[in-house]
Amino acid sequence: MPNMREIRERISSIEQILKITNAMYLISSSKLKKVRKQLEATEPYFHKLQSTLDDILYHTPSTKQKYFDKRPDIPEEERKKGYVIITADKGLCGSYNHNVLKLAEQEVAKSHNCTLFVMGQVGRMYFSRRIKKDIKAVLDAEFMFTPQNPTLYRAREIAEFLLEKFETKQLDEVYVIYTEMITSVKFETKIIPVLPFSRHHFAMTEEGRLKKLPKASFHPSPKVAMDYLIPNYVKGIIYGAMVEAFSCEQQARMTAMDSATASARDMIKELSLLYNRARQAAITQEITEVVSGAKGLNKEE
């Protein structure tokens, strides 16, 4: 059995860890509330944008647009694919990073010519090591965006970057791999296609669908309107994925820190019992020594 000094030192160190895990839980909770509020404030705009694009395609189905170019003349094995992978900048969030990296690695293994655009230090460090050994892909070294505190400004920069790559034919397809929050305790790692667009990208659900007008006119033309609206819609997709991923990271960290805090409290209880037993044993031993000494003195007398 360890002595009382060792037990006290261990209890003290666990109490310090408990303070840290509890503080991290509160910080993640605060960040989660803030970012969900931002998403709720911007969602109506992007839903309206989606319905507007759906309305344009409904009235002008034959409109040709560069972002709808599927490039059918390029065979599958020669298509240049880009994957935007959203991970965290740090760990201590359960299996959040592992699930994203696992799905990303599975998708990359299917591609013959792909480029990785990784957000987050965890994913960046992971793929920088794996590409040198097992993965046949290119890691874009200039794509240095952080997933922390997502903003529309950052989403616009990423959207413009990807659209330029697509327009200049450096990429033929673009996908985003991120984690979506289903409920507060359930997450799902997803991959969504971003470019090229298809008609179903803008199809609204029955709840969000507006009544179609029999006639509509677009000035100066449907093509010009879509050239302006689609980049904003891509910005909305990127921003939504960033917010969902950041929310999942914070929720996963809250769960992990809550479990760590509960475990620390349990350990402190067990060590307190052990400390009390050691203390009681020490007292009993001291009493026994005093009594034995007193008996010895009485015998000498």
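Helices (H or I, at least four residues) and strands (E, at least two) are DSSP runs, numbered from the N terminus. The structure is a predicted model, in which local features need pLDDT of at least 70, side-chain atom pairs count only at pLDDT 80 or more, and totals for chains, interfaces and linings use all residues. Residues are numbered from 1 along each chain as its sequence is written, and side-chain values use heavy atoms, with hydrogens and water left out.

H4 is followed by Lys169, which has a positive phi near 65°.

The whole structure contains 6 aromatic pairs (Phe, Tyr or Trp rings, the six-membered one for Trp, with centres within 6.5 Å; stacked under 30 degrees between planes, edge-to-face over 60, the rest tilted). Tyr83 and Tyr175 are stacked, because their ring centres are 5.5 Å apart and their planes meet at 20°. Tyr83 belongs to strand E1 (residues 81-86) and Tyr175 to strand E4 (residues 173-181), so this pair ties together parts 92 residues apart in sequence. Both tyrosines, Tyr83 and Tyr175, are buried.

Phe117 and Phe161 pair edge-to-face, at 5.7 Å centre to centre and 80° between the planes. Phe117 lies in strand E2 (residues 114-119) and Phe161 in helix H4, so parts 44 residues apart in sequence are tied together. Phe117 is buried at 1% relative accessible area, and Phe161 counts as buried at 19%. Ring pairs link Phe117 and Phe161 with Phe143 and Phe145 in a cluster.

Technical notes:
Buried < 20%, exposed > 50% of the residue type's maximum accessible area, 1.4 Å probe, protein only.
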